[in-house]
Amino acid sequence: MKKVLVLEDESSIRSFIVINLIRAGYEVVEAETGEEALEKLSENPDVRVTLLDIMLPGIDGFEVCRRVRAAYPHIGIIMLTARSQEMDKVTGLMTGADDYVTKPFSPAELTARVDALLRRAGDALLVSASVGEISQPPFLLNMTDRVVEKNGKRLKLTQLEYQIMKLFMENPDKALTREEILDTVWGRGYFGEVKIVDVNIRRLRLKIEDDAQEPRYIATVWGTGYKWSTD
């Protein structure tokens, strides 16, 4: 069964989330604090997606996100944010989250986000990996292991970042619109905003560029989107 961890300190909200995920066919692990969530993750290595609230007693959701991403790079992370907290969305994505859901949200939106993240993550238990490599020095993308190397050193990418890299490397020197990137990586049924592409590109540049302020590989195409440069 697909397993999800829900970290939310307000019991009424947590119950609402848990009930709807169970109805959608998920097994759910609950946590009330960040410390409890990290402990339960270590006890449940088969968790595939985590839902993390931000405002928590003890360590906050951002710190939990950082620790989860460092220890479990392939787990999908969705932040739960208040509608007015715009910077929380950006901060969550920059600390390693894959997506965010703004409160209040509908059961359909929540389960759709979790479903989509599982599909995007390419979980080895659920999705068959493609076979082959794409070599564009100094980068090598391995589709069997779903990893990317730069100068022979493996990059610490999330599965979402891997999919963005794969899209770029499959389309060298081609300008891709934000909408094309969103549809391909997040899926056509994605509920969120197109600006999530920009935040993830910013995060990816920090990992792959020699100087993220002067990007060489992921070039901005003003008024359009981005291009993977092989020059």
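**Close-up 1. N151 in the loop between strand 8 and strand 9.** In this predicted model, N151 is found in the loop that runs between strand 8 and strand 9 (153-154). Its phi is near 55 degrees, a positive value in a residue other than glycine. Most residues other than glycine have a negative phi.

**Close-up 2. R146 in the loop between strand 7 and strand 8.** R146 lies in the loop linking strand 7 with strand 8 (147-150), and although R146 is not a glycine, its phi is positive, at about 60 degrees. Is R146 buried or exposed? At 16% relative accessibility R146 counts as buried, because the limit for that class is under 20%.

Close-up 3. Most peptide bonds are trans. A cis peptide bond, however, joins K103 and P104, with omega at about -5 degrees, and P104 has its place in the loop between strand 5 (99-103) and helix 5 (107-121). A cis peptide bond also joins P137 and P138, where omega is about 10 degrees; P138 lies in the loop between strand 6 (133-136) and strand 7 (139-142).

**Close-up 4. The crossing of helix 6 and helix 7.** The axes of helix 6 (residues 159-170) and helix 7 (residues 178-186) come within 10 Å and cross at roughly 125 degrees, which makes helix 6 oblique to helix 7. The crossing of these two helices is right-handed. On the side of helix 6, the residues that take part are L160, Q163, I164, L167 and F168, and they meet I181, T184, V185 and W186 in helix 7. The residues of this contact divide into 7 nonpolar and 2 polar, with no charged residue.

**Close-up 5. The packing of helix 4 and helix 8.** Helix 4 (residues 86-94) packs with helix 8 (residues 195-208) at an angle of about 40 degrees, and their axes are 9 Å apart, which makes helix 4 oblique to helix 8. The crossing of helix 4 and helix 8 is right-handed. Helix 4 contributes E86, V90, L93 and M94 to the contact, while helix 8 contributes K195, I196, V199, N200, R202, R203 and L206. The residues of the contact of helix 4 with helix 8 divide into 6 nonpolar, 1 polar and 4 charged.

Conventions:
Residues numbered from 1 in each chain as written. Predicted model: local features only at pLDDT ≥ 70, side-chain atom pairs only at ≥ 80, totals over all residues. Heavy atoms only, no water. Axes fitted to C-alpha atoms, helices over the stretch in contact; angles between N-to-C directions. Helix = DSSP H or I, 4+ residues; strand = E, 2+ residues; numbered from the N terminus. Parallel < 35°, antiparallel > 145°, perpendicular 65-115°, else oblique. Left-handed = near helix turned anticlockwise from the far one by under 90°. Contact = heavy atoms within 4.5 Å. Nonpolar A, V, L, I, M, F, W, Y, C, P; charged D, E, K, R; others polar. Buried < 20%, exposed > 50% of the residue type's maximum accessible area, 1.4 Å probe, protein only.
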